[in-house]
Amino acid sequence: MSRTVFDKPGAKIRIDDISAEPPKGMTREKAAERFATLGTELFALQDAMFGSKVHSVVVVLQGRDGAGKDGTIKHVVGHLNPRGVNVVSFGVPTTEEREHDFLWRVHRHAPRRGEFSIFNRSHYEDVLVVRVHDLAPKALWKERYGHIIDFEELLAEHGTIVLKYFLHITNKEQKERLLEREKDKKTAWKLNPNDWKERDHWDDYTRAYEEAISRTAAPHAPWTIVPANSKWYRNLVIAESIVEALRARRKSWERKLDEMGRGGRAGLDEYRAQIQAKGARKKG
Ligand code: ATP
């Protein structure tokens, strides 16, 4: 599996040095087979997490326009039971959102124990688009890295598994995808001149992503740079990464579920014993 994970702050990151392509030897067929197996495992893991109510998951999806955030939600998140999933898209802040601190709109969508929150864009926009377009003074957005670190630490302390993905596509791939959108009636509804305007800021976004990833990478909130030029490989990498993170907690969930099962059974036994005793008293 080819992915670059940052789980400690301070790494020197050069996104342009990281491949956006699947590794040699990986084929669409192999990926499809593995992806199907992972999907089944993901569903079972989610079930155990939902029942045990020990952990929750936040999946942060960041990337440039056309990088595949929506596609990831459709294909990877599509494997989950919708009962325990909340997908939230963060667009330009509304007036109400702007009148609060930048984490307000995000924190209210943090998952309750047992559940997933999928963030299509996130609090990171406040150190990405805001920085690139000077939407806030530098002194303000610079402070936000620290707030984000504290926020994610708080989530983790509460049992939230925070997984952050940068969907890495090349400039050429983005151009092809945007042109493709125009040709296809089914995707033309996504057309937005802004996507082309944003291409003028490609390098500024690269720098902003590099700094955000470097500063906020942590063991409890790792960043994965996902080679995303191939959609099927992107889906596989993200599915594999989520499954790995959940699998590491499975035993603790199973223990909790056993404990809950024993408690439930004991309660039921007690209830039945009381009924029997009542019946015996009536007969007597
Ligand atoms: P996407 O490209 O994510 O599929 P979209 O193009 O359909 O989304 P919306 O979901 O309506 O558009 O909004 C996304 C836009 O909102 C992006 O241009 C993004 O940079 C912007 N945005 C998100 N958060 C902020 C923020 N905190 N401040 C300013 N702009 C933001």
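The model is a predicted one.

**The ligand and its shell**

Begin by selecting the ligand. It is surrounded by 16 residues, and the closest of them are Gly 91, Val 92, Glu 125, Asp 126 and Val 129. Two elements, helix 2 (69-75) and helix 5 (129-132), each give two or more residues to this shell.

Next, select strand 2, residues 56-63. How many of its eight residues are buried? The count is eight of eight, and the strand is mostly covered. Both of its faces are covered. Ser 56, Val 58, Val 60 and Gln 62 lie on one side, with Val 57, Val 59, Leu 61 and Gly 63 on the other, and all are buried.

Strand 2 and strand 5 run parallel and are joined by eight bridges. A residue pair to display here is Gln 62 and Phe 166, which stand opposite each other, Phe 166 belonging to strand 5.

Val 59 has Ile 118 of strand 4 as its bridge partner.

**The largest nonpolar core**

Keep Val 59 selected and turn to the core. In soluble globular proteins, nonpolar side chains tend to be buried together. The largest nonpolar core here has 50 residues, of which Val 59, Tyr 165, Phe 166, Leu 167 and Val 226 touch the most other members. Elements that give two or more residues to this core include helix 1, strand 2, strand 4, helix 6 (138-157), strand 5, helix 9 (202-216), strand 6 (223-227) and helix 10 (231-247). Helix 10 gives the most, with seven residues.

Select Val 226 to view one of these core members in its surroundings. Setting aside residues up to four places away in sequence, Val 226 touches Arg 3, Tyr 165, Phe 166, Leu 167, His 168, Arg 234, Val 237 and Ile 238.

Proceed to helix 1 (28-52). At 1.5 Å a residue, its 25 residues should span 36 Å, and the end C-alpha atoms are 35 Å apart, which agrees. The buried residues in helix 1 include Leu 38, Leu 42, Leu 45, Gln 46, Ala 48, Met 49 and Ser 52. Among the elements that cover the buried residues of helix 1 are helix 10 and helix 11 (250-283).

Now select Leu 246, found in helix 10. Is Leu 246 buried or exposed? It counts as buried because it has 22 C-beta neighbours inside 10 Å, where 20 or more are required. Apart from neighbours within four places in sequence, Leu 246 is in contact with Leu 45 and Met 49. To Ala 277, which is 31 residues away in sequence, the distance from Leu 246 is 45 Å, C-alpha to C-alpha.

**An exposed loop residue**

Finish at Lys 12, in the loop between strand 1 (4-6) and helix 1. Lys 12 is exposed, since 6 other C-beta atoms lie within 10 Å and a residue with 12 or fewer is classed as exposed. A distance may be drawn from Lys 12 to Asn 171: the two are 159 residues apart along the chain, and their C-alpha atoms are separated by 21 Å.

Methods:
Residues numbered from 1 in each chain as written. Predicted model: local features only at pLDDT ≥ 70, side-chain atom pairs only at ≥ 80, totals over all residues. Near = placed C-beta within 6 Å. Helix = DSSP H or I, 4+ residues; strand = E, 2+ residues; numbered from the N terminus. Pairing = 2+ DSSP bridges. Core = buried A, V, L, I, M, F, W, Y, C linked by C-beta atoms within 7 Å. Contact = placed C-beta atoms within 7 Å. Expected span 1.5 Å × (residues − 1).
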